[in-house]
Structures are given as structure tokens and as C-alpha cells.
Amino acid sequence: MKPFLFCAAIVLTSFGMLNSAHAESRPRANDPLWQQECGSCHVPYPPRLLSAASWNTVMDGLGSHFGSDASLDPASTKAIRRFLTSHAGTRTTERQGKALLRITETPWFVHEHSEELPAGIWKSPAVKSASNCSACHTQAAQGSFSEHEIRLPKGVSR
Ligand code: HEC
Ligand code: HEC
């Protein structure tokens with residue numbers, strides 16, 4: 001192992017420990033049904049990243065969901081809708097009076113990701129789509145987006 005990588009590994013390990021200690025003190029919103037149904041095609045996007053109005057619009061349109069059929073039975077739709085809206089974020093996600101469906105189109109997301117990253121990164125083969133959070137956020141599937149867990153894919157640099 002190169003010395004740099006060795007140091008990096010130690011740093012990463014200690015960050016990992018800090019993060020898990022932190023995570024325990026502030027539990028993330030979780031729900032097994034949501035995890036299962038909304039985490040099968042992509043990571044289960046955390047409820048806090050969209051407003052309740054946006055989640056309602058997403059849940060109203062599951063039959064034609066970004067080109068996929070993600071429809072669910074009424075009871076599951078209702079339960080997941082309740083979970084998402086009750087843990088929703090407070091930032092507005094409206095544009096011209098309509099609730100945005102995409103986290104990746106919200107001003108917060110664009111701002112958070114534009115300063116740090118070259119424009120071409122979103123279309124690079126390793127990333128494919130900005131919606132593919134786990135291309136860079138190694139713990140996205142667990143709902144964690146901490147800065148310390150970001151690894152840009154191979155061949156992509158800032
Ligand atoms: C059958 C597959 C499938 C299922 C199941 C599914 N989705 Fe999706 N979802 C997609 C696809 C495809 C996209 C578009 C991804 C892209 O643009 O790269 C998407 C995108 C999204 C986005 C926008 C991401 C962005 O760009 O910010 C949200 C929000 C979302 N899904 C929420 C949900 C929720 C909530 C559920 C569960 C009720 C769900 N999805 C279940 C296929 C699915
Ligand atoms: C191409 C790589 C890449 C993709 C894909 C990506 N991100 Fe990021 N994300 C970053 C980088 C780089 C930062 C900036 C970290 C910093 O401030 O130094 C960041 C920052 C964040 C932050 C703030 C972290 C903090 O603690 O400040 C959140 C939350 C976040 N991203 C969520 C998402 C979500 C949700 C998705 C998918 C819908 C996503 N990201 C997709 C690279 C990416």
C-alpha cells in the first residue's frame with residue numbers, strides 16, 4: 001500500500017467511527033416498506049430532501065414515474081405517502097407554482113453540487129445521471145450523505 005493510501009485509510013476509518021457515533025445520536029427517518037418499495041430501482045431518497053408538496057406529487061404519479069411504472073397498491077401508497085410527508089424537508093421545492101418532482105432540480109441541490117464539480121461529470125459513464133447519488137455518495141443507500149463519505153468515481157476529478 002502506498003503511504004498516502006495508508007494514511008487515507010486511517011483517516012477514513014476514523015471518520016467512519018465518528019459518523020456511526022453521530023448517526024446513533026440522531027436517528028434517520030426510516031421505514032421498512034419505503035426502503036423496500038422506493039429503494040429497489042434507485043437509493044431510497046431521504047424524505048428531508050423534498051417538501052411535502054413534492055412528495056405528494058411524486059406519490060400521485062407513480063404509474064408514470066420518470067418513464068417507469070412504480071405503482072403500488074393503495075394501502076402501501078398511503079403508508080409511504082404518510083412517511084414521506086411527515087419527514088419532509090421545509091425548503092420550498094416549487095417552481096412557477098408547481099412542486100418539483102426531482103431533488104436534483106431543486107435550487108439547494110444545484111447550488112450544493114455546482115461549486116464543487118465540473119459540469120461534464122453528470123453525464124460521465126461512471127455517473128450517468130445526477131439522480132445516481134451512490135455514484136459519489138458511498139453511503140447513499142443507507143441515507144447518509146456526509147461529506148466524508150464522498151468518493152468521486154475513477155477517472156473523474158474535481
Ligand atoms: C420501477 C423502478 C422505480 C421504482 C420502484 C421507484 N422509482 Fe423513483 N425513479 C425511477 C427512475 C427510472 C427515476 C429517474 C432516474 C434518472 O433520471 O436517472 C426515478 C427518479 C425518482 C426521483 C427523482 C430523483 C432526482 O432526479 O432527483 C424521486 C424523488 C423518486 N424517484 C422517488 C421515488 C419514490 C418515493 C418511490 C417509491 C414510492 C420510487 N421512486 C420508486 C424508477 C423507480
Ligand atoms: C458526481 C458525484 C455526485 C453525485 C452523483 C451526487 N452528489 Fe451529492 N455531493 C457531491 C459533492 C462533491 C458534494 C460537495 C461536498 C462538499 O461540500 O465538499 C456533494 C454534496 C451533497 C450534500 C451535502 C453534504 C454535506 O454534508 O454538506 C448532500 C446532502 C448531497 N450531496 C446529496 C446528494 C443526493 C441526494 C444525490 C442524488 C440525488 C447526490 N448528492 C448526487 C457529489 C455528488
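Okay, helix H4: residues 74-86, 13 residues in all, with helices taken as DSSP runs of H or I, at least four residues, numbered from the N terminus. From first C-alpha to last, H4 reaches 18 Å, close to the 18 Å expected at 1.5 Å a residue; that expectation is 1.5 Å times one less than the number of residues.

Quick housekeeping: this is a predicted model, where local features need pLDDT of at least 70, side-chain atom pairs count only at pLDDT 80 or more, and totals for chains, interfaces and linings use all residues. Residues are numbered from 1 along each chain as written, chains are lettered from A and ligands numbered from 1 in the order written, and side-chain values use heavy atoms, leaving out hydrogens and water.

So which residues of H4 are buried? Ser76, Thr77, Ile80, Phe83 and Leu84, buried being under 20% relative accessible area and exposed over 50%, with a 1.4 Å probe and protein chains only. They sit on the same side of H4, because their arc around the axis is only 135 degrees, going by directions from the axis to the C-beta atoms. Those buried residues pack against helix H2 (32-37) and helix H3 (52-60), with contact meaning heavy atoms within 4.5 Å. On the other side, Pro74, Ala75, Lys78, Arg82 and Ser86 are exposed.

Now, ligand 2. It has 22 residues around it, the closest being His113, Cys133, Cys136, His137 and Phe145; the cut-off is a heavy atom within 4 Å. For polar contacts, N or O pairs within 3.5 Å, histidine 113 puts a polar side-chain atom 2.8 Å from a ligand 2 nitrogen, and histidine 137 also has one 2.8 Å from a nitrogen of ligand 2.

Note on methods. Helices (H or I, at least four residues) and strands (E, at least two) are DSSP runs, numbered from the N terminus. A polar contact is a pair of N or O atoms within 3.5 Å; within protein, one must be able to donate a hydrogen and the other to accept it, and residues adjacent in sequence count only if both atoms are side-chain atoms.
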